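Please look at the model shown here with its aromatic rings in mind.

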Amino acid sequence: MKKHPSYFFPFPIFHILPILLLTPFLLLASARTISQETMAARIAPDILRFHVLAESNSPKDQSLKLGVRDILLSHIQTHAPKNATKPQLAHWILQQKNTLTQTAESWLTSQGSPAPVSLTLTKDYFPTKSYGEASFPCGVYDAVRITIGNGKGRNWWCVLYPSLCLTDSSAKTVPESSKKELAEHMAPDDYETIFNEPPKVEIHFRLLELLTPKKD
């Protein structure tokens, strides 16, 4: 009598099922990221980010990072040409590079923490970030990067142009002038997405929890 080959699963089904259940959600998350990056590519030419990297993650260095942020943003907002376009603002900042870095270094020294500060105009990948009522998609943007020391600590960023740098964490309202500037440079659909992003839905994988074996 001919024997039929036996088939068996090399892994218990409860090990495979979580992967099968997760796959659609991972694909959905990937599609959302691609959609956001595509939108970022459309709006990035009219956006200039401001990026400050701390020396380290120690509480002191993180506090100093915020101090440098406040001093440099105040200097830029006070002295930059009024009604400057993005290229004009970026050009002015590069012209003021020595003044800005020396201002930051002098302040750090006054705090008993002298450290070199560098300023570069670069392109960086930023995650999705909300500024008050506005939410900007993840993607690659032009940025003014401020690095304190080796810049190994957590960073802080905002939108420098149009002016959306809300240093007060409780601030929720974007200036009307900034909204107007954004509206003039963006497609209506992109503008609506930034200011009317639907709330994120939390998905609880209850079935997945039941099917996944618990560890003692």
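The report below covers the basis of the model, its aromatic pairs and the charges placed over rings.

## Basis

This is a predicted model, in which local features need pLDDT of at least 70 and side-chain atom pairs count only at pLDDT 80 or more, while totals for chains, interfaces and linings use all residues. Residues are numbered from 1 along each chain as its sequence is written, and side-chain values use heavy atoms, with hydrogens and water left out.

## Aromatic pairs

The structure holds three aromatic pairs, where rings of Phe, Tyr and Trp (its six-membered ring) pair if their centres lie within 6.5 Å, and planes under 30 degrees apart count as stacked, over 60 as edge-to-face and the rest as tilted. One of them joins Phe126 and Tyr141 edge-to-face, at 6.2 Å centre to centre and 70° between the planes; Phe126 belongs to strand E2 (residues 117–126) and Tyr141 to strand E5 (residues 139–148), 15 residues apart. Strands here are DSSP runs (E, at least two residues), numbered from the N terminus.

The ring centres of Phe126 and Trp157 are 6.1 Å apart with planes at 65°, so this pair is edge-to-face. Because Phe126 lies in strand E2 and Trp157 in strand E6, the pair ties together parts that are 31 residues apart in sequence.

Phe126 and Tyr141 are buried (under 20% relative accessible area, with a 1.4 Å probe and protein chains only), and Trp157 is buried with a relative accessible area of 17%.

## Charges over rings

Arg49 lies over the face of Tyr141, at 4.5 Å from the ring centre, and the charged end of Arg69 sits over the ring of Trp156, 4.8 Å from its centre. For such a contact, NZ of Lys or CZ of Arg is within 6 Å of the ring centre and within 35 degrees of the ring normal.

Notes:
Helix = DSSP H or I, 4+ residues; strand = E, 2+ residues; numbered from the N terminus. Buried < 20%, exposed > 50% of the residue type's maximum accessible area, 1.4 Å probe, protein only.
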